[in-house]
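Reader: Before I rely on any description of this protein, I would like to go through the terms one by one. Could you take me through the model and set each value against its definition?

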Amino acid sequence: MDRKRQYLQINRNNLREKHLVKHEDPNVVSDIVESWLREYSKESVKNQYRRQLQKFLAWSNTTVETILTEWKTTTDKDGFRKKYGSLIVKYYNYLLTEKQCKINTARSETNGIRAFFTSQCDKVKIGRGKIGKSQIAFGEHEFKLEQLQRMYRVGNIRDKAILSLAVSLGYGATAFIELKRDFIESIIKQTEYEEPPIGFWYQRKKTSQPIRSHLTVESIQALTDYWETLPKKSEWVFPNSSMKHHISDDDLNYVIKTLCSKANITTMGKVRFHL
């Protein structure tokens, strides 16, 4: 009888272990992940972020459930941000050394991971310089003024706002998508006593270097028209569909590529957000 009980107990333990492994398999798409991905409207972004997060979870041998439980229960929130920031840096270095990825590729592979933490937990802490700066990509299409004008004419209200502001400011993609609406509105308010273009200084978060910028009449009008179409005010100049976060680099590239196609622009090289 004792041997029979022991046999049954071993079988129960084996079944329990199999069930847990199946439940926590990082390659299985969690409902939590799918719920988070609804914040993004583009299927290409959803697929990319899903893939990036799944690869990270498999590499780190963890699950979104484990991460979220730790975030909710820990009293050391700052320690959590540092811990997973360091883990993402370690994954980035793994992509560089083990997978032989280029810097730009390894950087972009962390986008979906960091976006998940920002949305579902909090922004992770990554030390300056721990992830390499984006390298200049050669062989990209250089837009002429006439091409930008054609793209502007075929764009919708949001496209026009993005394109006009991008040309007006000349920022890189990261600085552009992180623009806060209150800040830009404070610049626009200067038109009450100053004729545009309005000049101002903007300090980048990553480098802390000041950038001299200008807002043109066209960009101010395009932004005003676009904001009137939004259901509510967001923290960001260009929010995503959830209105909680800003759009992504991929969203920007999608807009530029779509406008090129609609305007029948013949391109030479890759098309990215470098206007």
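Author: Let us begin with a pair of helices: helix H3 (residues 43-60) and helix H7 (residues 111-120) pack at an angle of about 90°, and their axes lie 7 Å apart. This is a predicted model, in which local features need pLDDT of at least 70 and side-chain atom pairs count only at pLDDT 80 or more, whereas totals for chains, interfaces and linings use all residues. Residues are numbered from 1 along each chain as its sequence is written, and side-chain values use heavy atoms, with hydrogens and water left out.

Reader: Why are H3 and H7 called roughly perpendicular to each other?

Author: Axes are lines fitted to C-alpha atoms, for helices over the stretch in contact, and angles run from 0 to 180 degrees between N-to-C directions. Angles under 35 degrees count as roughly parallel, over 145 as roughly antiparallel, 65 to 115 as roughly perpendicular and the rest as oblique. The angle between H3 and H7 is about 90°, and the two helices are therefore roughly perpendicular.

Reader: Which residues make the contact between H3 and H7, and how do they divide by class?

Author: With contact meaning heavy atoms within 4.5 Å, H3 contributes Tyr49, Gln52, Leu53 and Phe56, while H7 contributes Asn111, Gly112, Ile113, Ala115, Phe116 and Phe117. These residues divide into seven nonpolar, three polar and no charged, where Ala, Val, Leu, Ile, Met, Phe, Trp, Tyr, Cys and Pro count as nonpolar, Asp, Glu, Lys and Arg as charged, and the others, Gly among them, as polar.

Reader: What covers the buried residues of H7?

Author: The buried residues of H7 are Gly112, Ile113, Ala115, Phe116, Phe117 and Ser119, and what covers them includes helix H2 (31-37), H3, helix H4 (64-73), helix H5 (77-97) and helix H6 (103-109).

Reader: What makes Leu37 count as buried?

Author: Buried means under 20% relative accessible area, exposed over 50% and partly exposed in between, with a 1.4 Å probe and protein chains only. Leu37, which has its place in helix H2, is at 1% relative accessibility and therefore counts as buried. Leaving aside residues up to four places away in sequence, Leu37 touches Lys46, Tyr49 and Arg50.

Reader: Is Ser168 buried or exposed, and what does Ser168 touch?

Author: Ser168, found in helix H9, has a relative accessible area of 15% and is therefore buried. Residues up to four places away in sequence not being counted, Ser168 touches His214, Leu215, Thr216 and Ser219.

Reader: Why are H8 and H9 called roughly antiparallel to each other?

Author: H8 and H9 pack at an angle of about 155°, with axes 9 Å apart, and they are therefore roughly antiparallel. Their contact is made by Leu148, Met151, Tyr152 and Arg153 of H8 together with Lys160, Leu163, Ser164 and Val167 of H9; by class, it has five nonpolar, one polar and two charged residues.

Reader: How many helices and strands does the protein have, and how much of it is buried?

Author: The secondary structure comes to 13 helices and two strands, where helices (H or I, at least four residues) and strands (E, at least two) are DSSP runs, numbered from the N terminus. Of the 275 residues in the protein, buried residues make up 39%. Among contacts with a separation of 6 or more, residues 24 or more positions apart account for 66%.
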